[in-house]
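Student: I am new to this structure. Could you walk me through its sheets and its pocket?

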Amino acid sequence: MSEEKIFIFQRESESNDNKNEISITWEVENDSDSVIENVVATSQSFTHDFGSIDAFDSKNVSFSIKIPSIDDLRKDFGEDASLPDTLRLGNVNLKYTKNNKNYEVFSNSLEIPY
């Protein structure tokens with residue numbers, strides 16, 4: 001059985017100068033010799049359908065995540081609420097079909113200081 005060569009990476013994009021948002025980019029790389037289809041990435045805050053990705057090709061998508069203000073947090077969780085120094089984003093789940101078989105891989109996680 002050959003080793004799968006499908007990867008998903010997530011990274012912080014260049015700042016958009018809005019301190020209440022961070023920009024994230026997901027990139028899917030198909031380093032195999034076959035097309036992958038029904039490529040869908042999902043996280044806690046975002047889902048994206050990449051469609052199909054040809055062999056030895058890649059696709060990416062960028063989006064923003066709103067960081068709640070301290071006032072928003074205190075409204076929801078009380079006056080003792082505080083923001084951590086680092087925002088932690090978990091792994092992205094990537095599902096796809098290759099040669100009529102379904103697969104699933106996970107990305108790296110991110111820690112973003114703010």
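Predicted model: local features only at pLDDT ≥ 70, side-chain atom pairs only at ≥ 80, totals over all residues.

Student: How many bridges join strand S2 to S5?

Tutor: Two strands pair if DSSP finds at least two bridges between them. Strand S2 covers residues 21-30 and runs antiparallel to S5. The number of bridges joining S2 to S5 is ten.

Student: What is the order of the open sheet that three strands form?

Tutor: Its pairing is antiparallel. The edge strands, pairing on one side only, are S1 (6-12) and S5. The order is S1-S2-S5.

Student: What volume does the largest pocket have?

Tutor: A pocket is an open set of points on a 1 Å grid over the protein atoms alone, where a 1.4 Å probe fits, with protein on both sides within 12 Å along at least five of seven lines; lining residues have an atom within 4 Å of a point. Lining residues include Trp 26, Phe 63 and Arg 88. Volume is the space filled by probe spheres set on the points, with grid points joined across faces, edges and corners. For the largest pocket, that is about 200 Å³.

Student: Which elements give two or more residues to the lining of the largest pocket?

Tutor: Ile 65 and Leu 89 are among the lining residues. The elements are strand S5 (57-66) and strand S6 (86-89).

Notes. Residues numbered from 1 in each chain as written. Heavy atoms only, no water. Helix = DSSP H or I, 4+ residues; strand = E, 2+ residues; numbered from the N terminus.
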